[in-house]
Structures are given as C-alpha cells and as structure tokens.
Amino acid sequence: MKSNLLVVSNRGPFTIEGEMGNLKYRPAVSGLVSAVLPAVKKVGGIWLAWAGRLTEKTLEVQTVIKDDFNFVEVLLSREELKGYYEGYSNGVLWPLCHLMPEKVVLSEENYRIYKKVNQKFAQRAGTLLKPGTLLWIHDYHLALMPYFVRQKYSWQRIAFFWHIPFPPVEIFTIQPWAQEILRGLLGADLIGFHTEDYRENFLRSVERVLKIPVNYEWGTVYYNGREIRVKAVPIGIEPKNFQKDVPKIEEIEQDLRGQIIFLGVERLDYTKGLKEKILGFARFLEKNPEYLGKVILLQVAVPTRENIAAYRNYAKEVLEEVQKVNERFGHSSWQPIKILTRNYSQDELIYLYRRADTLIITSLEDGLNLVAKEFIASRQEPGVVILSNRTGVARQFGVALKVNPYSPEEIAGQIKTSLEMSLEEKEKMFAKLKEQVLLKNNEWWLDNFLGKELMLSVAPGKYYRKRGEKKIGAVD
Ligand code: G6P
C-alpha cells in the first residue's frame, strides 16, 4: 500500500457476486468510479464502499487486496438500501440537485435510515483510520458522514467531493433536512464541486440556511473554530486508458454500415434528456428529408436504479418514443434510431466512440459528463461534440456545438451544422477539445483538489514532488 488515504463512497470499484469461496468481482459503471479509480490506483490506500451485496444473503468480505489499493466492503440490509439509497439519496437529493423538484418523494422514515447508514459508514471508517490518514468521502449518498466522523475524531483531516450539481438555495431547501445536510458536509475540511456555479450555490446555502458568514472569493467558511475550504475543480479522466486497441463489435456493424453515426451514451436516467434528444433528432429528419436513410442515432441506454418507479416509467417512455420515430421515418431496411439497452464495457465504449462521427449529449442537468471527455480521449480522427449547455463540462468545452436540450429546433439545427462542417473546421474544434482533456486530466484534478492534503497523508519518502515539476509522483 503506497499511501495513507482512505476513500469512501457508496458504490465501490466493483460489485461482488457469488458465494464465499467463489466470489466474482465485476467492474462497476458510474461517473464516480471512472474518475476515482485511476486516482486511487495512482495514490494507493484503502477504498471503503458498498459492493452491491445485502446482509441477508451473505457474509462481509473483510478486505480484498488489489495490486494498487485495498478494498473493504460495507454490507447493507434490504431496508437500508431502500431508505438510504433509493429513498433519500435517489428520491430526494438526486432530483433536487438536478432541479427536478416534481420528482422528489419526501419521507421522514427514509431520511432516518439515510442518517443511520451514514453513521454506519462513519463507524466503519473509524476502524480504518490511523495517525496521518486522509479521509476522502464522495458524493451525495454520504453527506452526513463528515459530521459523524468529526464528532468522534475531532482532529481527523476530511476531504469531500460532491459529484453532481449543487442547486440554488431555493431548490435545496424544498426538503426539510437542508440544515442537517449542510452541517453534515461542513464536518469536512475541504469540499469540492465541478463548477463555480455549484460552489457558489453551496456557499449561498450555507450563508442563508445556517446564517454563517462565507467568503465567496476565497471559498472559505469559518465554522465551529475550523476553516473549511470550498473549491471548484472539474474531474479529469486518465486519457491513456482510452488510447488502447480494442476489438470490433461485430453484431452492430450491419446496422451501421454506410451511415453517418450520431452516438449517445447514457444511463436511462430522467436527467439525461433522452426523450428530448429523440424529439430533436426527429425534428431534424422532418426538416431535412434528404438525410433519410443516411444517418443513424445510435443510443446506448444503460438500465439503472430500476427499483425506483420514476426510473422504470422513464425507461418505458424512452423506448416508446424510439418506436414512434422509427415507425414514422423508418422502413424495412433502415431505422433512424438504434437503442442498445445493456451495460457496455470500457473496451466496447471505446470502439463505439471511434466508430461514431458525432457525440450528442442533451442532458437536462448534468454535474459534469465524463462521456464527452472519454469520446475525445478515445479518438485520433476528429469527431464533433454536440453538447447540452446545462452540463458542467459545457463550461470547459467552450468550442463544442451547444444546444438548449429543451429546444428540438436547436438540436435539429446543430445536427445539421455538424453535417455541414468542413474537415478543417472539425479538426480545429477537435484539437481544442483534446487539449482540454489532455491538460485537465485525472492527475490535474487530483493535484488541484487534493494536492497538499495528499502530501500530508502519504508516508514520508513515498510521495514527493520535485521543485518545478507539475506531476504527482507516488514512488515506491
Ligand atoms: C452517476 C453520478 C455519480 C453517482 C453515480 C451513482 O454516475 O454522476 O455522481 O455517484 O451516478 O450511480 P449508482 O448506479 O450507484 O446509483
């Protein structure tokens, strides 16, 4: 183990399946995992998380030793999963933070369970802390955990990264537990968001709800005798993970041959604007019949959070919309939309990123969106990015073709623009996007968000930074 870092998140780097003696580890798919895994591999330490298993079914695995880090599992009961993950995390915080209050389902009982599970994670983390450990907690599932750890270990260094948008105070306070959540987060010493807007929204909530003075310019909050720093540092990916050779996916080739491919890669989540994308694509076909038979929308739509009614309904509605558009414009040998509703491995996604001509993202609200970065990192050939202006990454990708996802006209218009761009224009745009992705990579994120904190947490002589050198070096 290279460092004294303890990472905690709800979902870990893999899910565990099978029985004791015959356990299988499957890579987990989520924005959080793609960003945190390369960081933990680089720095080392322990990762504490839920691995998809329930207490009723199995025994806890104490530690899984991976080459670069150790993994420790937290088990949840069915009741905990329902109240903490499905109920409060994904039934209240997720829709509120994505500005969709109409999807919120408030329940005192779910919040009580959320609190209890946060306490459980805090207790478990407590058993793994050593002098000098840096505790790094992730995301909205564990907002109260910094408070619980601080209560018991007042000296502990705690960093927290919030991976989704942070909404304006008027929206955040629709829930009656806003005060407690904010106090929970302020148990940390360092809190990170993807964009300046989210950081400002958080600081305003602290100021208004808790009546604590904050410094917007410096991003500081003084609370209970501690200085808390609040930063905006967008996550970066590890580009080299997307530059490898990958096998062809034969079974989809038949439908793609000769077509100009517009690619979408999303979980089947109501924040992702899939219905809006389909509407915009249909509007394009209606206005530009000369493209019928020549273009295809290839949409990867990964099933997600299927125990929650809002997700099940959404998945059904999306499939219905696809069918409508295919019936309206398609015929026996050509369908305008091909939807793929399974999980795709990283290798398969790289293949699709390279095979497509244009990536199209129409999220209604999106913390950052790493797919845009992965698409750029995977390719040598220039590819166009059509990007919702309501994603965190839109702030970084200034030159991408932007759309308001609520406007089918704008989506149709930018689809047309992408088809009419010259190779030179595409190359210029792509080069600028690639520069961003390569420069603001995973190491840049780690260094800018956690840099100094990390140096303190790593055993002397194991971690160093040479004068004038921009890189983080974890050296054994
Ligand atoms: C997305 C969000 C992450 C979040 C994750 C949870 O990827 O960007 O911030 O942690 O969803 O996904 P899950 O499948 O665990 O609900």
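## Salt bridges in the whole model

A search of the whole structure finds 34 salt bridges. The structure is a predicted model, and every value given here is computed from it. Side chains of opposite charge can pair when their charged atoms come close. Several pairs are described below, together with one network.

R283, E286, K287, R328 and E409 are joined to one another in a network of salt bridges.

## Pairs within a helix

Where do R112 and E109 sit relative to each other in helix 3? Helix 3 covers residues 108-126, and the two residues are three places apart in it, so about one helical turn separates them. R112 is partly exposed, at a relative accessible area of 41%. E109 is also partly exposed, with a value of 39%.

Helix 7 holds another pair, R204 and E200. These residues are four places apart, so they too are separated by about one helical turn. The salt bridge between R204 and E200 has its closest N and O atoms 3.3 Å apart. R204 is partly exposed at 31% relative accessibility, and E200 is partly exposed at 39%.

E238 and K240 make a salt bridge through their side chains, at 2.7 Å from N to O. K240 has a relative accessibility of 57%, which is over the 50% limit, so K240 counts as exposed.

The protein is divided into domain 1, made of residues 5-236 and 445-449, and domain 2, made of residues 239-439. The contact between them takes 24 residues from domain 1 and 22 residues from domain 2. The C-alpha centres of the two domains lie 30 Å apart.

The size of an interface is often given as the accessible area lost when the parts come together. Between domain 1 and domain 2 the buried area is about 1800 Å², and carbon and sulfur atoms give 63% of this. On the side of domain 1, the residues that lose the most area to domain 2 are E86, W94 and M100. Together these three account for 26% of what that side buries.

How many salt bridges are counted between domain 1 and domain 2? The count is one. D197 forms a salt bridge with R395, and the closest N and O atoms of this pair are 2.9 Å apart. Nine residue pairs are found in polar contact across the interface of domain 1 and domain 2, with both residues of each pair at pLDDT 80 or more.

Which elements give two or more residues to the side of domain 1 that touches domain 2? They are helix 1 (31-43), helix 2 (78-97) and helix 7 (196-210). Helix 2 gives the most, with five residues. By type, the residues on this side of domain 1 divide into 13 nonpolar, eight polar and three charged.

S418 lies in helix 14, which covers residues 408-420. S418 has a relative accessible area of 3% and is therefore buried. What lies around S418? Leaving aside residues up to four places away in sequence, S418 touches F262, T358, V384, I386, L401 and K426. The side chain of S418 also has a polar atom 2.7 Å from the backbone oxygen of I415.

## Two residues with positive phi

Most residues other than glycine have a negative phi, and most peptide bonds are trans. D139 is not a glycine, yet D139 has a positive phi of about 75°. D139 is placed in the loop between strand 7 (134-138) and helix 4 (145-152). With a relative accessible area of 5%, D139 is buried.

R305 is not a glycine either, and R305 has a positive phi of about 45°. The loop that holds R305 runs between strand 14 (295-302) and helix 10 (309-329). R305 counts as buried, at 15% relative accessibility.

How values were computed
Residues numbered from 1 in each chain as written. Predicted model: local features only at pLDDT ≥ 70, side-chain atom pairs only at ≥ 80, totals over all residues. Heavy atoms only, no water. Buried < 20%, exposed > 50% of the residue type's maximum accessible area, 1.4 Å probe, protein only. Polar contact = N/O pair within 3.5 Å; in protein donor to acceptor, adjacent residues only side chain to side chain. Contact = heavy atoms within 4.5 Å. Domains from an automatic or database assignment. Buried area = accessible area lost by both parts, 1.4 Å probe. Salt bridge = Lys/Arg side-chain N within 4 Å of Asp/Glu carboxyl O. Nonpolar A, V, L, I, M, F, W, Y, C, P; charged D, E, K, R; others polar.
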